[in-house]
Amino acid sequence: MSSLTTPTKGTNPAEKAAGAAANWADQRYHLAKGMRHQINKVFPTHWSFLLGEIALYSFIILLLSGVYLTLFFDPSMTEVVYHGSFTNLQGIEMSKAFASTLDISFNVRGGLFVRQLHHWAALIFVAAMLVHMFRIFFTGAFRRPREANWVIGSLLLVLGMFEGFFGYSLPDDLLSGTGIRATLSGIVLSVPVIGTWIHWALFGGEFPGTEIIPRLYTIHILLLPGIMLGLIGAHLALVWYQKHTQFPGVKRKETNVVGVRIMPVFAAKGGAFFAMVIGVIALMSGLFQINPIWNIGPYNPSQVSAGSQPDWYMAWADGMLRIWPAWEVYLGNYTIPAVFFPGAVGMPLLIGLLVMYPWIERKLSKDTAHHNLLQRPRDVPVRTALGAMALGFFLIIMLSGFNDIIADQFDISLNATTWAGRIGVLVVPPLAYFITYRLCIGLQRADREVLEHGMETGIIKRLPHGEFIEVHQPLGPVDGHGHPVPLEYQGATVPKKMNKLGTAGHPVAGSILSPDPAEETVALERARGNGHSNGHSNGHASEDESATPKEITTGH
């Protein structure tokens, strides 16, 4: 019978207790074999894989800080007169939601820090998810068999955006109330026939009513976090089961994973990186003020604060509303206002394209194979150009969400910034597509030239007949005339600098000032060679798709 651990004589009581508990569990549930297989899991070490970890760690900070804030926040919209610590607002009528947010900021120990920690973590959470999806998109990690994880990631990104929108709407300040009126209320009311009924049910009567903040609070702390936790669990389970994708390179194939084992190397790195993410967000929260609602004041439907913008991740939606022309459609006795088209049609359409992209590309490219190796963006110029085209589009509509601030700061007409957004939405995306496509083709040709002719050395040589040429260093073998033999492109980075080929030789062991004795270096290399041949682990590993725990091999 296999066991997780066996207590031995001389161990301390804690080790004995842990060993006994492990044996008890293994005798009943036979965990040893499965756990031994799982802790041999191998993860790639490329820096871009840390982007998903930043999103995960930010989400954990959001959960913990959100629990703390929940203990003190009152989501009621009942009107009260403020008599708290902030003297500038004393005697002002406001909702209990706004008053309790002021109390958290000025009276609860650590309250303002936790509020800002929660807000900064939300911004970084969405940003990390977005950049992580950029990496997934431009490297083709969403292709078969990982389409489901792309859908989960897309849903997490969208839910994260709306979770953030609902979260910064809860204090019921003038800025967030304006956002609710302009987007949530305005878009719902624009829906033909049923819009007014949905609006009445959502707000519990006429806007703003007394129900919207408690309802958003319930959605913000219960519904959306629960859905997101489930999606994150499914996302991690699929990554674990299907294994990580990896960039092409030495010993990397479609059927293996090269990297470090989860225990202890990856776990140690992950723990250190988690602490680093917490530290950076904590520093930002302590040093940089964000969302000072006491300077904005409580929400009043008759007022609109100047410079009303949402957080950056929802600015694209606001930008579409701002630059869409005032086109109304009249159908008999019904009017479809202009806001309906960008808000109720444009947003779902863009989200649908995002979710369905893997199937769209597979349909057009006829690529139905399984893929575990990633692609360099230059090798897929159409997809990369489409991605740049989408980024150009979203950049324009996001900047349009701040067009009044841009007009004020640069002293230009607001009408001019609006038309700049309208024209930019039509001009920038195709221009971005063309430029990106040509750049990808040029980079491909540059790689192919190095593979065919070798690497530029910067050495100029004059031939006997007077011609000057640059000497190229071959990347591989040469023919009888000394010309490089053209190499096949393998999908990996092509070296283009001499130091990437190790022209200076391998560094010797020792300090900067003095090397280790030669006999010690030779003995160390011999020991490493013996360890490698015996399959001993040295931190790096290669895991076959079909490997059992005994078949997992390691090596540089």
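This is a predicted model: local features need pLDDT of at least 70, side-chain atom pairs count only at pLDDT 80 or more; totals for chains, interfaces and linings use all residues.
Residues are numbered from 1 along each chain as its sequence is written. Local features need pLDDT of at least 70 and side-chain atom pairs count only at pLDDT 80 or more, while totals for chains, interfaces and linings use all residues; side-chain values use heavy atoms, with hydrogens and water left out.

Student: Which residues touch the most other members of the largest nonpolar core?
Tutor: Let's begin with the term: a nonpolar core is a set of buried Ala, Val, Leu, Ile, Met, Phe, Trp, Tyr and Cys residues joined through side-chain atoms within 4.5 Å. Buried means under 20% relative accessible area, exposed over 50%, and partly exposed in between (1.4 Å probe, protein chains only). Among the 73 residues of this core, the ones touching the most other members are F125 and I281.

Student: Which helix gives the largest share of this core?
Tutor: Helices are DSSP runs (H or I, at least four residues), numbered from the N terminus. The largest share is 15 residues, and it comes from helix 5 (residues 111-139).

Student: How are the residues lining the largest cavity divided by class?
Tutor: A cavity is a set of points on a 1 Å grid over the protein atoms alone where a 1.4 Å probe fits but cannot get out, and lining residues have an atom within 4 Å of a point. Among the lining residues here are R143, R144, E147, E361, R362 and D367. Ala, Val, Leu, Ile, Met, Phe, Trp, Tyr, Cys and Pro count as nonpolar, Asp, Glu, Lys and Arg as charged, and the others, Gly among them, as polar. The lining has three nonpolar, two polar and six charged residues.

Student: And which helix gives the most to the lining of the largest cavity?
Tutor: The lining includes P358, E361, R362 and S365. With four residues, the top contributor is helix 12 (residues 340-365).

Student: Why is the pair of F142 and W150 tilted?
Tutor: Rings of Phe, Tyr and Trp (its six-membered ring) pair if their centres lie within 6.5 Å; planes under 30 degrees apart count as stacked, over 60 as edge-to-face and the rest as tilted. F142 is buried at 1% relative accessibility, and W150 is buried at 5%. Their ring centres are 5.5 Å apart and the planes stand at 55 degrees, so the pair is tilted.

Notes. Helices (H or I, at least four residues) and strands (E, at least two) are DSSP runs, numbered from the N terminus. On a 1 Å grid over the protein atoms alone, a cavity is a set of points where a 1.4 Å probe fits but cannot get out, and a pocket is an open set with protein on both sides within 12 Å along at least five of seven lines; lining residues have an atom within 4 Å of a point.
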